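Thanks for coming. I will walk through one structure today, a few elements at a time. Please have the view open while I talk.

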Amino acid sequence: MYLLRAFVLALALAAAVVATATTPPPAPPPVSLANLVYHSPFRGRDAARIPYAALLRRRQQPAPPAAVPLAFLHGVASGDPRADRVVLWTKVTPSTNVTAPVLVNYTVSAAADLSSPLAAGATATSGDVDYTVKLDVPNLSPATAYYYRFASPDGSNATGVGQTRTLPAAGDVPAKFTIATISCMAFWHGYFSSLGNIARNEEVDAVVHLGDVIYEYSKRDYPSVDGSLPDDRDPQPNVEIVSLSDYRTRHAQTRTDPDYQEMTRVKPMIMIYDDHEFADNAWMNGAANHDPETQGPWSVRKANAARAWWEYTPTRPVTPDVSAADPSLYSIYRVFRVGALFDLIMLDTRIEGRDQQAAGDPQTRRLISEKQGGWLFNTLNSSTAKWRVLGNQVIMAPIPNTVFGSEVPILNDAWVGYPAARQRVLEFVANNNISNTCCVTGDLHASVASDLFLDAKQYDPATGKGAVMPEFVGPSVTSASPVRDSESLGRLARDPFVEPNPGAKFVNLWRHGYMLVTVAQDKVRTEYRFVESVKRQNGGREDSGAVLEVVSGSNRITRQS
């Protein structure tokens, strides 16, 4: 019996050796989540779509390519969170020139060590989309932290582990929810130390980017204040960008900043674009900084800019009413419902329906299309949340906009240059008793907190009577302020700047940073956070410039400290 058992054991060991020698290596993960970047950025604009199935077929012809070493130089990001899904993003850099698509592995888990993955597989990317990757991960749980990582198929290189979080479920009421709002990030004007501070702030639940993540200028055409930073902060390419390759290169450069990478690694992003993702003072059919004679048709440049923004942001295509998708309109306006606490309503006051600044009759000049206006009013009117927060590119509060009685285009880029459009929004909120609505805004490169009102004669600055809703305009991350970062000029300019705005409660025209907006059941609290210097990599000391509160039901700024 002993010999028999030994003989059987020997046969089993021999079989195991043969099996080990002949069993092929495990197959790579299936291509299970399609790369969203190949979709059209805008539903209803299928001409901008790159067929994904054809891409995969191209990978197999004439045979699957050998593994290409991949580097991850641009970090990771997550964004457009919902209660049940979130978008994940990265970019790969192949070590050699390849024409066939390459595979990128991904893992998503509720555990920080990525154990027990909820989703894992591979997706494809290629030079068609500048080797960017964007996955819309479904079937997630509300108000839950998730972790993710991208890696090369052979496991030789991988990103750091990203962290994100889904929004609360409909009907749930979190005790509070904090967003950091940022805008205006000229790469060569300073370091993004504000973003590193946001990354380290555990109170921040999400980051809202209100536009100008890149600038289209050359360094010569938009010089920084107080000299230059090291050469590695010079814009790439160092010309005014026009082509798709130009816009992609500028976005890719911005994604190399370590503070930006760290913020997007640990905080979900909600993003809209403003003008400089296209060109200065852009509107639907042109821009102040676009010359068709030398730079070609605006429609081509606009499509290039939109495509690059889409490839480099963790966003999903959106048309609020798909049945009404209009191929002539670009749509990024959308709503994020943070349980029953607040609705974050993101607008597009820049590209989708804007008429030219200071042209034609101000009373018929459009800032947003009729479709977006209808969507906005319906979203406001149907909201059942405790609060509504509008995410908006350009300042709604009154600012100086004429010189010797004549409109000046650069001063009429804001809502003040579109008076009828502004009046309609404020009247709708007031006449429909839509209480607890606030607005957060970028673009200005300055900090302004104001009560918004319909009629200055009916508004009392002392009591806030007559206010419709408050607006909080945030500073730029780095882009030069309206007074070229000068405190002395800022103090001189303050009074003439706020002269048409009796609702102004806090104004700072020279400092850089961001806003922390905390929404709770009883109030909205906005804190202005400023860095000491954008010319230092660590930014120096960060301090609180002001704290303003809006008590529920007041529709005005009720406290400042």
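Let me start with strand S15, residues 334–338: it is largely enclosed by the rest of the structure, because 4 of its 5 residues are buried. Keep in mind that this is a predicted model. The partner of S15 is strand S16, residues 342–346, and the two pair in the antiparallel sense over 5 bridges.

**The whole chain**

Now the overall numbers. The protein has 561 residues, and 57% of them are buried. Its secondary structure comes to 10 helices and 27 strands. If you take contacts between residues at least 6 apart in sequence, 72% of them join residues at least 24 apart.

**The open sheet**

Next, the sheet. It is an open sheet of 10 strands with mixed pairing, and the order is S7-S3-S2-S12-S11-S10-S24-S25-S26-S27. Strand S7, 132–137, and strand S27, 559–560, are the edges, each pairing on one side only. In general, strands of a sheet pair through backbone hydrogen bonds, either parallel or antiparallel.

Here are both kinds of pairing. S2 and S12 pair in the parallel sense over 2 bridges, with Ser78 standing opposite Pro268 in S12. S11 and S12 also pair in the parallel sense, over 3 bridges. There, Val207 has Met269 in S12 as its bridge partner. Strand S10, residues 176–182, and strand S24, residues 513–520, pair in the antiparallel sense over 6 bridges. In that pair, Ile179 stands opposite Val517 in S24.

Helix H3, residues 193–200, and helix H5, residues 258–266, have their axes 7 Å apart at an angle of about 30 degrees. An angle under 35 degrees counts as roughly parallel, so H3 is roughly parallel to H5. H3 passes H5 in a left-handed crossing. On the H3 side the contact uses Ser193, Leu195, Gly196, Ile198 and Ala199, and these meet Asp259, Tyr260, Glu262, Met263 and Val266 in H5. By class, the residues of this contact divide into 6 nonpolar, 2 polar and 2 charged.

**Helices H4 and H7**

H4 contributes Leu244, Tyr247, Arg248 and His251 to the contact, while H7 contributes Arg301, Asn304, Ala305, Arg307, Ala308, Trp309 and Glu311. The classes in the contact of H4 with H7 are 5 nonpolar, 2 polar and 4 charged.

How many residues of H4 are buried? The count is 8 of 11, and H4 is mostly covered. Among the buried residues of H4 are Asp246, Tyr247, Arg248, Arg250 and His251. The buried residues of H4 pack against strand S3 (86–91), H5 and H7.

**Pro419**

Last, a single residue. Is Pro419 buried, partly exposed or exposed? Pro419 has 27% relative accessibility, so it counts as partly exposed. Pro419 lies in helix H9, residues 419–431. Leaving aside residues up to four places away in sequence, Pro419 touches Pro362 and Gln363. Thr364 is 55 residues from Pro419 in sequence, and their C-alpha atoms are 8.8 Å apart in space.

That is the tour.

Definitions and conventions: Residues numbered from 1 in each chain as written. Predicted model: local features only at pLDDT ≥ 70, side-chain atom pairs only at ≥ 80, totals over all residues. Heavy atoms only, no water. Buried < 20%, exposed > 50% of the residue type's maximum accessible area, 1.4 Å probe, protein only. Pairing = 2+ DSSP bridges. Axes fitted to C-alpha atoms, helices over the stretch in contact; angles between N-to-C directions. Parallel < 35°, antiparallel > 145°, perpendicular 65-115°, else oblique. Left-handed = near helix turned anticlockwise from the far one by under 90°. Contact = heavy atoms within 4.5 Å. Nonpolar A, V, L, I, M, F, W, Y, C, P; charged D, E, K, R; others polar.
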